[in-house]
Amino acid sequence: MSRVDLDCRGVPCPRPIIELAKAVAGIGVGDTVAVTADDPAARVDVEAWCRMRQQEYVGEQTDPDGVPTYVVRRVS
Amino acid sequence: MLRQALERGYADPRRLHRPARDARLLLDNARAVVADCLGVRPDEVTFTPSGTHACHLGVLGLLAGRVRQGNLLLATQVEHSAVLHAGQWHEQRGGRFETVPVDRAGRIDLDSLAAHGEPAVLAVQSANPEVGVCQPLDEVAGGTDAPLFVDACASTGLLPLTDGWAAAAASAHKWGGPAGVGVLLVRKGARWRNPFPGDERVDDRSTGFENVPAALAAAAALRAALDERQRLAEEHARLIEHLAQAVRAIPDTEVFLDDGPRLPHLIAFSCLYVDGEALVTELDRLGFSVASGSACTASSLEPSHVLAAMGALTHGNVRVSLGRATDSAVVHRLAGELPGVVERLRAQAGAPR
């Protein structure tokens, strides 16, 4: 199980979601993408994207600099 | 009507001279018309400088009347910012303020409400101004002994006012009246205290000298809105359904159009991978004036608190509201143009297909 990290600090939505979608398309089923984003809209939109695209939202971590990272697993 | 009111209603209705008595007569007339339209008593109606101010007076005035019973204000997460700001103001002055979550449609979670225990005051809107869903006010009112504040700004003139509130607020510009006129309703017998500094006037619910001509215009507009409510609601329901079909045909789009009771004139949706500001700007260029709850279109960096509370996609968001003067041909043209606009913006953003 591998994990792809995306750094979207300073990037406004919907760009982090577009990058997330592209990254998920490039990984295998069961692998994860972790997107680090400080746009507050990402907190809602990553989870909404998972629901709309039938992928799994794993959860949120906080980086040492306080910026949240949202983890998504490809399930289909 | 407005002109006659401007000529006769310029004086301060609280003075004793003849122009003042004239103004008082006109103001009482406006109050009686609004009361009749809303099915309330005239002495329950006060004109305020805005819907926002009516919300502040309503929420904080009920709290001020309950200081001996407690200080917890409970409100839904999707209240208008005027109510949420009143809650924060209350909190800054030592009160408690908690919010109740909503479901995916934006409707209050009644189980969560019950789990909160009895607040001093409960604030629940009649309908949400961003997505149009109506709150189940009968169930809310039936399930609590706390005085209920209802922000009815989004629905007044479009839907009948429900019962069960101790105080309520409405806004004239929402029903086609002038800006600068709000309505505060305080139920006879409800414990309400002025939460703000007042003045030497007798009526502490009103904020200074009312704009009498505007209040009269607001009353006339409300009467007119009720006269055409049924016809407009039917026409708007058809147009909204037409728009909904067009939006649902666009891939990766969420339409927030609940099957339950909702405002008849409004539709909101979010398009994946689309920048909300770009969408509003492009639609504006094509001649369509629409609103958005996306963060990039707001004055703050935060996305719409309503969409966030619903767990809905917040980017690429558009809200279309129809008015009495909206031409159905324009709505059909919008339905025709939307799929192409969204496709173009997605291609420009390099969105995955």
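**Helix packing and overall build**

Modeller: In this predicted model, α2(B) and α7(B) are roughly parallel to each other, which here means an angle under 35 degrees.

Biologist: OK, at what angle do the axes of α2 and α7 of chain B cross, and within what distance do they come?

Modeller: The axes of helix α2 (residues 18-38) of chain B and helix α7 (residues 212-227) of chain B cross at roughly 25° and come within 9 Å. Axes are lines fitted to C-alpha atoms over the stretch in contact, with angles from 0 to 180 degrees between N-to-C directions. Helices are DSSP runs of H or I, at least four residues, and strands are runs of E, at least two, numbered from the N terminus.

Biologist: Left-handed or right-handed crossing?

Modeller: Left-handed, as α2(B) passes α7(B). That label is for a near helix turned anticlockwise from the far one by less than a right angle.

Biologist: Which residues in α2(B) meet α7(B)?

Modeller: Among them are Ala23(B), Leu26(B), Leu27(B), Ala30(B), Val33(B) and Asp36(B). On the α7(B) side, the residues include Val212(B), Ala215(B), Leu216(B) and Arg223(B). Contact means heavy atoms within 4.5 Å.

Biologist: And by class, what does that contact have?

Modeller: The contact of α2(B) with α7(B) has 14 nonpolar, one polar and two charged residues. Nonpolar covers Ala, Val, Leu, Ile, Met, Phe, Trp, Tyr, Cys and Pro, charged covers Asp, Glu, Lys and Arg, and the others, Gly among them, are polar.

Biologist: Switching to chain A: how many helices and strands?

Modeller: Two helices and four strands, in the order β-α-β-α-β-β from the N terminus.

Biologist: What fraction of chain A is buried?

Modeller: 50% of its 76 residues, with buried meaning under 20% relative accessible area (1.4 Å probe, protein chains only). The C-alpha trace of chain A spans about 30 × 25 × 20 Å along its principal axes.

Biologist: Now chain B. How many helices and strands there?

Modeller: Chain B has 11 helices and 10 strands. Its radius of gyration, over C-alpha atoms, is 21 Å, close to the 20 Å from the globule rule (2.2 Å times the number of residues to the power 0.38) for 353 residues, so chain B is as compact as a globular protein of that length.

Biologist: How much of chain B counts as buried?

Modeller: 52% of the 353 residues.

Methods:
Residues numbered from 1 in each chain as written. Chains lettered and ligands numbered in written order. Predicted model: local features only at pLDDT ≥ 70, side-chain atom pairs only at ≥ 80, totals over all residues. Heavy atoms only, no water. Parallel < 35°, antiparallel > 145°, perpendicular 65-115°, else oblique.
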